[in-house]
Amino acid sequence: MDKENRGNWRRFCLPAGLALCAAAILAAQTGCSSQQGEPVIAERTSQAEQPQGGKEISDAGGETKGADTEKPEKRLAEQTEAPARYETKLIGETMRLEADAAVKVPEVYAAPVLRVEREKPYTEEDFARFKEVVSEAEGIQWNENEYPPEKNTDLNSCTSKDDRYFVSFSKGPGGETPLIWLNQRQLSHGSGDSFDATDLSDMTLSAQEREQIEGEMQKKAEKILAGLGLEHFELRSSQWRALSRSTDYKWVPDGRYGLKLSYCRNVDGIPEPSGGGAAWGMGPALSQYVEFVYAQDGELVELKDINRETVVKEREEEGFLLPFSAVTEIFEQYAKTYFEQSKPGIPDADEVSQLQEADSGKTKAKAGDETQIQAADSGKTKAKAGDETQIQAADSAALEWEPESTRPSTLLPVSPEPRTYILVSEVRLEYLLTYEVDQGNTTDRGRLEPVWSFYGDVVITDQNWDKLENGSPLQEYAKKRNLLVSIKAADGQVVGF
């Protein structure tokens with residue numbers, strides 16, 4: 001698609017009075033109130049159930065003691081009266097919401113709120129085990145660690161004997177996220193200024209060939225997960241990407257394609273996705289996730305285990321779950337109230353003019369105080385450039401957690417009355433992890449709460465697309481799976497507000 005036809009992905013704020021709208025909907029429904037190169041170690045810390053009765057499955061894949069109680073008669077899908085698909089179409093003056101989305105509900109009987117406590121992750125023994133498992137699976141031979149334990153450092157790294165691979169290890173000191181990150185030094189699946197890894201227009205693999213490769217790569221990945229004791233992780237998403245190769249100090253197309261497989265923790269049958277941001281409100285905390293990237297011929301390109309946490313679970317409350325219809329009504333009212341009344345992300349005439357000038361390279365600095373402010377901001381930006389580059393490198397996986405990238409694109413020109421298209425592609429019942437904050441610092445105590453997460457995309461454009469027909473510019477957006485918003489399954493609260 002041409003850049004001129006691309007929409008914007010924006011973050012939004014809660015409009016005044018929306019909480020009252022949600023409360024009114026809830027009361028009506030329930031009848032009562034309720035409650036790349038070498039990786040840089042700089043990724044930052046931010047951060048479900050088989051039938052009751054018998055034994056519960058712990059996070060580590062072992063068993064924890066559970067009281068023998070009577071099994072509920074209905075699974076979560078029946079309890080919440082969730083349909084197989086969520087279908088709706090709402091058309092307002094400047095907003096259009098369309099959903100033809102699969103509704104995914106875990107095949108379990110309960111989703112209790114869990115109190116969690118984070119323990120210290122990763123040791124030198126974990127690092128050694130990681131290299132051993134990968135060596136067995138991929139035939140990689142390693143050099144000695146660059147920082148042996150006697151040096152008493154919080155990080156470690158080493159290269160393979162053929163110099164093709166580099167692996168980093170960090171215990172996560174100083175607020176940084178603990179990680180073990182391996183990559184192929186000459187191959188990358190990332191995008192650059194002149195290379196778009198999501199461009200698959202030249203791919204010649206047939207759908208059948210891709211399906212076969214995906215099956216083979218998943219088997220390879222899950223064998224490594226088992227070796228690392230991570231059998232309780234489940235495939236969250238898969239994405240094909242064009243690979244690039246380092247040649248003469250620059251990245252050029254490799255000619256092959258790679259498959260990125262992202263895995264998240266499964267807590268007693270319910271997935272716990274990791275953070276990556278949300279269009280509205282708050283995304284999940286940065287909990288543990290594992291990602292593999294394999295070239296189409298099976299060559300390992302990247303493997304990382306990020307933010308491993310041993311979660312000590314304590315059941316806090318069983319929790320009543322709202323009917324699915326109540327949750328979708330809250331979601332729809334939220335969209336109508338916000339996008340019809342607030343018209344978010346729409347620049348005024350001066351802003352449009354500045355954007356257009358910037359796009360053509362003709363931006364002029366404003367006089368007076370604004371010039372000083374911009375100069376100061378520029379200085380801050382340059383001062384932080386190194387740190388931000390490191391953080392962005394380490395956070396790239398979180399930003400691309402879903403198969404589609406959420407990198408913003410600017411649509412110019414913007415008409416005085418642009419239209420907002422909200423496209424829902426998937427709805428999932430899952431756990432959302434939040435950690436408590438004490439005096440501005442994230443603690444090691446948190447909660448897992450069941451939420452309904454709505455995935456899709458938001459497009460703000462000056463064009464009027466009435467139908468999502470084949471060939472429509474909106475078709476590609478209607479398939480994306482970026483997190484729009486999460487709504488608590490127990491009380492309908494929009495997460496983050």
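In which helix does E332 lie? E332 belongs to helix α5, residues 324-341, where helices are DSSP runs of H or I of at least four residues and strands are E runs of at least two, numbered from the N terminus. The model is predicted, so local features need pLDDT of at least 70 and side-chain atom pairs count only at pLDDT 80 or more, while totals for chains, interfaces and linings use all residues. Residues are numbered from 1 along each chain as its sequence is written, and side-chain values use heavy atoms, with hydrogens and water left out.

E332 is buried (under 20% relative accessible area, with a 1.4 Å probe and protein chains only), yet E332 has no salt bridge, a term that requires a side-chain nitrogen of Lys or Arg within 4 Å of a carboxyl oxygen of Asp or Glu. The nearest side chain of opposite charge, K336, is 5.9 Å away. Beyond neighbours within four places in sequence, E332 is in contact (heavy atoms within 4.5 Å) with Y86, T88 and L90.

Helix α4 covers residues 207-227, and its 21 residues, at 1.5 Å a residue, should span 30 Å, which agrees with the 30 Å between its end C-alpha atoms; the expected span is 1.5 Å times one less than the number of residues. Its buried residues are I213, E214, M217, A221, I224 and L225. Seen down the axis of α4, these residues fall within an arc of 115°, so they line one face of the helix. They pack against α3, β10, β11, β13 and β14, whereas Q208, E211, Q212, K219 and K223, on the other side of α4, are exposed, meaning over 50% relative accessible area.

Terms used:
Arc of directions from axis to C-beta. Lys, Arg positive; Asp, Glu negative; His and termini not counted.
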